[in-house]
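Open the model in your viewer and follow the stops below in order. Each stop says what to select and what is there.

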There are 2 protein chains.
Amino acid sequence: MEIRDLGEFGLIDRLTKILKIEDSSVVVGFGDDCSCVRISDQLVLFTSDVQIEGRHFVKALISPQDLGWRVVSVNVSDVVACGGKPRWGFISLAVPPELEFEYIEQVYKGMEEACQYYKMDIIGGNTSSSEIIIFDLFLTGITDRFVPRSGAKEGDYILLSGYTGLSRAGMELLQMKKDSYEDFENRLIKAHTKPVARTDLADRIKKFASSCIDVSDGLAGDLSHITHMSRVKAVLHREKLPVSPDLKIFCTKYKKDCLDYMLFGGEDYQLVFTVKEKHLSQFSDCFVIGKVEKGSGIFLKEGDNIKKISEKGYQHI
Amino acid sequence: MEIRDLGEFGLIDRLTKILKIEDSSVVVGFGDDCSCVRISDQLVLFTSDVQIEGRHFVKALISPQDLGWRVVSVNVSDVVACGGKPRWGFISLAVPPELEFEYIEQVYKGMEEACQYYKMDIIGGNTSSSEIIIFDLFLTGITDRFVPRSGAKEGDYILLSGYTGLSRAGMELLQMKKDSYEDFENRLIKAHTKPVARTDLADRIKKFASSCIDVSDGLAGDLSHITHMSRVKAVLHREKLPVSPDLKIFCTKYKKDCLDYMLFGGEDYQLVFTVKEKHLSQFSDCFVIGKVEKGSGIFLKEGDNIKKISEKGYQHI
Ligand SMILES: Nc1ncnc2c1ncn2[C@@H]1O[C@H](COP(=O)(O)OP(=O)(O)O)[C@@H](O)[C@H]1O
Ligand SMILES: Nc1ncnc2c1ncn2[C@@H]1O[C@H](COP(=O)(O)OP(=O)(O)O)[C@@H](O)[C@H]1O
Ligand SMILES: Cc1ncc(C[n+]2csc(CCOP(=O)(O)OP(=O)(O)O)c2C)c(N)n1
Ligand SMILES: Cc1ncc(C[n+]2csc(CCOP(=O)(O)OP(=O)(O)O)c2C)c(N)n1
């Protein structure tokens, strides 16, 4: 059987069954945005995300400095989604020997810029050669409460930390390789090349969210991890889904369906999370987009009309 | 300037200067086998080592189960070299979608076999697609004393935990693609495909070694990291360097220079370390191969003859 027949999640499912976790200090193993171990009185989070040339970025379409920012941000996002603060990164690098040094230097400047911004440090790494450029970052974070994908409860509200769909629009704009871009187009491109992880929400997520995930593969796909793991149903309200003004102009100009971008566009690195009604007031800067109900699946409500939506997200395989 | 003009260590040197470590809980940053942070009352070690198809292994020449064992072992080796015990691994995987699932399954069985052997767990991972097979393992360990590369002192003895040069001989045998191999050849091949990290020495290294490094790039090259960082000179005694009987037969049969394999062959994952005279008796199962003196460089003493030897080790770039 080829790996492609299993898909990314089918593959992960089978592989993680082979690995037995025996250590009782492991609080969370496979199945969440981060793994978690207890060291003395601390909960320590582990995650990793890679940027591979041709799969996550095209060298000609993103500046090396933004690439460095990006590999840090996508990892920080997973730590924040578990209620943590990012602390120590470890960077594993593989590069073609004929690549210009100045390119990698700029990537490191971007990583350092992001480390300053997120108040964390990269403290070590590993170096190899390869035919393509690979930046694999491992990130450790700290929390005192692990916020899981599995904690959503019937009656909870579903919140979203910001607009979605921008990054996919930005990527498509880049791929058009236009000679010049309008202002709104440049903003969408920046949402793709320089996403910002929501560390500003980390404390409140830790204190008040019953479940959380970051939107890397698309809102519907990532929310479906929450509904599956929490064994609940999500009902989203069409009119409450936030539409970015820039995305609206983009969709009009290029005759695209905004909803498709908002639900299925990946790499926005916003957070989708659930909270009890009594904590709603903590998140006045976020969008309340729906409610958790008994059942399963994700539904979209538009007026009196309710329809089930696809749970497909971006799959790497 | 191309990266190849800098070489691996020139590149690392320049890159790590860009990254500023500001967190005072970081006990060891760049420059050793592991990085180290203090979490509550624990010293936590970080390391990572990758196996990239074509660079670290050739798919047709190593079984997937051995490859899984190997990626765990090469990481455990770095943790042990710092006096630590391996605890939690995080595996980042990139594979071609058309690869057979059964191949990856066997790699995971090999990783799990190694985890059982070394008493550690892999607790999470990441999955991407790529054109070549990449297993990047990030490993954390625990210690209560960090053994650095920089601790060797004048008068210390230099010890080696076992034979070196076997792995390179094994790799060359594999590359010959012979129809059949003799017994001693199969043992050399196994030293290459299934190296064993010296966790059996971890406790004693932690308690008694003044400096330590694992032999991944070759004895001379790795020992030179100790002499540079400790600002000392190493004098090795030719007749005390342990020659594996299998390597001796190999060198006779294929007309090779044993010493060249022993000093410059990589991937044996033995430990080279220094200890004070009063602790020598703790390591009766290791080879005393020389002494630390005032000065710099690595020298080989044969009878009354002393000559400086090259400090070159395997470089990835
Ligand atoms: N690309 C990199 N970026 C940052 N630090 C690196 C990188 N590569 C290696 N390092 C750091 O440089 C030091 C030496 O690395 P290396 O010689 O590869 O160690 P080892 O041979 O034990 O794996 C280590 O502290 C490691 O963390
Ligand atoms: N190749 C792998 N081996 C082991 N565990 C993996 C692998 N890939 C992913 N995982 C684990 O599966 C879970 C889901 O991963 P994933 O959906 O990729 O998370 P995210 O999208 O937040 O990066 C996580 O617990 C992760 O640690
Ligand atoms: C060249 C290229 N092709 C496709 C994409 C789209 N893409 C790549 S990864 C990804 C999803 C996010 O993946 P990752 O950052 O690996 O996070 P994870 O799924 O592991 O959380 C998407 C939508 C892209 N950014 N660049
Ligand atoms: C196909 C192939 N080419 C070359 C080698 C030789 N080789 C690859 S890596 C390496 C040194 C060890 O490298 P790594 O495990 O990355 O450890 P590090 O140097 O990072 O400690 C050697 C001698 C090999 N094993 N396979």
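Of its 18 residues, 17 are buried, so H2(A) is largely enclosed by the rest of the structure. Buried here means under 20% relative accessible area, with over 50% called exposed and partly exposed in between (1.4 Å probe, protein chains only). Just after H2(A), select Gly83(A), which takes a positive phi of about 85 degrees. Helices (H or I, at least four residues) and strands (E, at least two) are DSSP runs numbered from the N terminus.

Two notes apply throughout. This is a predicted model, in which local features need pLDDT of at least 70 and side-chain atom pairs count only at pLDDT 80 or more, while totals for chains, interfaces and linings use all residues. Residues are numbered from 1 along each chain as its sequence is written, chains are lettered from A and ligands numbered from 1 in the order in which they are written, and side-chain values use heavy atoms, with hydrogens and water left out.

UniProt positions are in the numbering used here, feature names are shortened, and annotations may be inferred rather than shown by experiment.

Start with Asp33(A), in the loop between strand E1 (26–28) and strand E2 (35–39) of chain A. Asp33(A) counts as buried, at 5% relative accessibility. Show its contacts (heavy atoms within 4.5 Å): beyond four places in sequence, Asp33(A) touches residues including Thr47(A), Asp78(A), Cys82(A) and Arg149(A). The side chains of Asp33(A) and Arg149(A) are joined by a polar contact of 2.5 Å. A polar contact is a pair of N or O atoms within 3.5 Å; within protein, one must be able to donate a hydrogen and the other to accept it, and residues adjacent in sequence count only if both atoms are side-chain atoms.

Move to Thr47(A), in strand E3 (residues 42–52) of chain A. Its relative accessible area is 3%, so Thr47(A) is buried. A polar atom of the Thr47(A) side chain lies 3.4 Å from the backbone oxygen of Asp33(A). Among the contacts of Thr47(A) outside four places in sequence are Asn75(A), Asp78(A), Leu137(A) and, from the other chain letter, Phe90(B).

Which residues does the unreviewed UniProt entry list for "binding site" along with Ser48(A)? The record lists Ser48(A), Asp49(A) and Asn126(A). Ser48(A) is in strand E3 of chain A, and Asp49(A) is in strand E3 of chain A as well. Ser48(A) is buried at 2% relative accessibility; Asp49(A) is buried with a relative accessible area of 19%. Leaving aside neighbours within four places in sequence, Ser48(A) is in contact with residues including Asn75(A), Ser92(B) and Asn126(B).

**Stop: the largest cavity**

Rolling a probe the size of a water molecule over the atoms shows where empty space is left. A cavity is a set of points, on a 1 Å grid over the protein atoms alone, where a 1.4 Å probe fits but cannot get out; lining residues have an atom within 4 Å of a point. Grid points are joined across faces, edges and corners, and a volume is the space filled by probe spheres set on the points.

There are 2 cavities of 30 Å³ or more, and the largest has a volume of about 50 Å³. To find its lining, select residues including Val50(A), Ile52(A), Asp136(A), Leu93(B) and Asp136(B). E4(B) gives the largest share of this lining, 3 residues.

**Stop: Asp217(A)**

Finish at Asp217(A), listed by UniProt for "binding site" in an unreviewed entry. Asp217(A) sits in the loop between strand E8 (209–214) and helix H7 (219–230) of chain A, and is buried, with a relative accessible area of 11%. Beyond four places in sequence, its contacts include Phe9(A), Phe264(A), Tyr314(A) and His316(A).

Conventions. On a 1 Å grid over the protein atoms alone, a cavity is a set of points where a 1.4 Å probe fits but cannot get out, and a pocket is an open set with protein on both sides within 12 Å along at least five of seven lines; lining residues have an atom within 4 Å of a point.
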